[in-house]
Amino acid sequence: MIRSIYTRVVLTFLASVIGGTIIALFVATWVFEDKLKENMRIPLLHFGQDIVKIYETFPLREANSFVSGMKQLDSYYIRIFDEAGKFQSYGLNGHKPVPVTMEEIKKVLAGEVYQPHNRNTSALLLGLQLRTEDGTKAMFVETLNPPSVTARRNLILNFLLYSLIAGSLLILVAAMFLVRPIKKLTKATRRIAAGDFNVELNIKQTGELGTLARSFEEMMHDLQQLEQMRKEFVSNVSHEVQSPLTSISGYAIALKRVDLAEQERNRYLDIIIAEAERMSKMSDSLLKLSLLESQSQQLRLTTFNLDEQIRRVIVAIQPQWSARNISFDLDLKPIILLADYDLLSQVWTNLLGNSIKFSKDNSVINVSLKQDINNVTVRVTDTGIGISLEDQQRIFERFFKADRSHSRKYGGSGMGLAIVKQIVTLHKGDIRVESEPGQGTTIVVTLPIIAPTE
C-alpha cells in the first residue's frame, strides 16, 4: 500500500500520461491511416502508369532492363504475372509481398485497375494491365513501408516519448510543491496532538489548500484559547477551593486546643461554617453553569410581569442593601414578558447583588425598564468602584474578578456574571457593560419580549 501522497501524485500522473499517450496513439493512427493511404495511392498510381508506358514504348528486354535499374524500387515492389500465375519481380529481395490471388490476376488481365482496401497491412497494392511483346500481363505494384508514413509515426512516437520524459520530470518537481503544504499540516497536527499550539503554518496559497490552511489556523487559534481557558479554569478552581479548605483546616486544628475560650471556639466554628457555605455556593454555581452550558437546560417559559419580578428580588435581598443604607431609584414600567421566571430571577439577583456589593454606603442604585416593539431593556446602574476597559472584556468569564485587589474585601467566586451571561444567551438576549473606574457601572440587559422556544 502506497502511503506517501507525493508518490501517489507522481504515479497517478505517470499512469495518466502513459495511458493517455497509448490511447491517443491508437486513435490518431486509426483516424489518419486512411487519409495517409489515400495520399499514397496517387503517387503509386502515377508510378504504375509510368511502368505501363515504359513497356508500351520500349522493347520488352529494354523495358525490363530499364525497370530493374529504377531507383524507385527502394520504395516500390513490382510483380508482373502471366496468365498461368507465374511472375517476375523487381525490387528489394527478402521482402514479404502482399498475397495476390488468381482471381485478382484475372481481373487485372481483363483490364480492371485493382486497388484493394486492406487495413491489415500498411502496404498499398495496385494492379494494372500491362501489354508487352509476349502478350498481356498483370502488373502489381506495392509500397515498401512508405517512408513518409514511417517517418511520421516515428516522429509522433519520439514526440510522445520526449513529452512523457519531460512531463515526468516536471511533475516530480511540481508534486514536491503540491505536497509541501500537506506535509506542513501533518506536522502541525502532530504538534497540536502533543499539546503544542504555537504552530505557524506560513502557507500563502489561495486555492483549496490555502483555504484548508486558514481553516486549520483558525481551529488552532480556537484550541489555543480553549487550552488557555482550561488552564485558567483549573487554576481558578484550585485557588477558590484551596482558600476555604486552608481556613477550615487551620481553624479545625485550633479547635482541638483544650484551653480555648468559649467565645473563641464559637468564632472559629462560625468561620468554618461560613467557609463551608462559600464552598457549597461555589459548587452550586459551577453545577448551574455547567448545566446551562450543556444545552440540556430547557427554558420553562411563563408569562409574568417583569417589573414586579424585579421589585420582588429587591425586597428579597433587602438585608444586603438596608444594612449599608443603600437605596434604589426605580423606573419600572409595567411590562409583560414570556421567559423562564426562575432563571431571570437569578439574573436580577446576581446583578443587583453585585451592584450592592461594589456600591458605596449611603449610595443610590438606579434600575430602569424600557420596552420597544420586540425587546425589553433593563439597566442597573451603581456608583461603585467601576471596571477598567480591559476588564470589561472579561467580566463574563467564570472566576474572573474585575478588581483582584479588592477580591478579599468584596468576596464572591466570580461565577455570578458568567451565569447571568449564559441565562441571557439562552433567552436569545444580549448583555453589555458600561463603566469607568471610580465612576460606577451600568449593566444593560436586552431580552426579546417573547423568548424563543428552541
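**Leu-306 and its surroundings in a predicted model**

Leaving aside residues within four places in sequence, Leu-306 is in contact with Ile-335, Leu-337, Trp-348, Leu-369, Val-376 and Val-378. The structure discussed here is a predicted model. Leu-306 belongs to the largest nonpolar core, which has 45 residues. Together with Leu-344, Trp-348 and Leu-352, Leu-306 is among the residues with the most contacts inside that core. A second, separate core has 22 residues, including Leu-44, Ile-80, Tyr-90 and Leu-130. In soluble globular proteins, nonpolar side chains tend to be buried together.

Among contacts between residues at least 6 apart in sequence, 66% join residues at least 24 apart.

Helix H7 spans residues 306-316 and helix H9 spans residues 341-358; their axes come within 10 Å and cross at roughly 50 degrees. H7 and H9 are therefore oblique to each other, and their crossing is right-handed. On the H7 side, the residues that meet H9 are Leu-306, Gln-309, Ile-310, Arg-312, Val-313 and Ile-314. They face Tyr-341, Leu-344, Ser-345, Trp-348, Thr-349 and Leu-352 of H9.

The crossing of H6 and H12 is left-handed. Here Ser-285, Lys-288, Leu-289, Leu-292 and Glu-293 in H6 meet Ala-418, Ile-419, Gln-422, Ile-423 and Leu-426 in H12.

The description now turns to a sheet. Four strands form an open sheet in the order S2-S1-S4-S3, with antiparallel pairing. Its edge strands are S2 (87-90) and S3 (125-132), each of which pairs on one side only. On average, neighbouring strands of this sheet are turned by 20 degrees against each other, direction ignored. Strands of a sheet pair through backbone hydrogen bonds, either parallel or antiparallel. S3 pairs with strand S4 (residues 135-143) in the antiparallel sense over eight bridges. Within this pairing, Lys-137 in S4 is the bridge partner of Leu-130, a residue that is also included in the second core.

Helix H2 (residues 60-68) touches strand S1 (76-81), S2 and S3, and the direction of H2 makes about 40 degrees with that of S2. Helix H3 (residues 102-109) touches S1, S3 and S4, and the direction of H3 makes about 115 degrees with that of S4.

The loop between H2 and S1 holds Lys-71. Is Lys-71 buried or exposed? Its relative accessibility is 73%, so Lys-71 counts as exposed. Lys-71 and Gly-91 are 20 residues apart along the chain, and their C-alpha atoms are separated by 9.4 Å.

Methods: Residues are numbered from 1 along each chain as its sequence is written. This is a predicted model: local features need pLDDT of at least 70, side-chain atom pairs count only at pLDDT 80 or more; totals for chains, interfaces and linings use all residues. Side-chain values use heavy atoms; hydrogens and water are left out. A nonpolar core is a set of buried Ala, Val, Leu, Ile, Met, Phe, Trp, Tyr and Cys residues joined through side-chain atoms within 4.5 Å. Buried means under 20% relative accessible area, exposed over 50%, partly exposed in between (1.4 Å probe, protein chains only). Contact means heavy atoms within 4.5 Å. Two strands pair if DSSP finds at least two bridges between them. Helices (H or I, at least four residues) and strands (E, at least two) are DSSP runs, numbered from the N terminus. Axes are lines fitted to C-alpha atoms, for helices over the stretch in contact, and angles run from 0 to 180 degrees between N-to-C directions. A crossing is left-handed if the near helix is turned anticlockwise from the far one by less than a right angle, and right-handed if clockwise. Angles under 35 degrees count as roughly parallel, over 145 as roughly antiparallel, 65 to 115 as roughly perpendicular and the rest as oblique.
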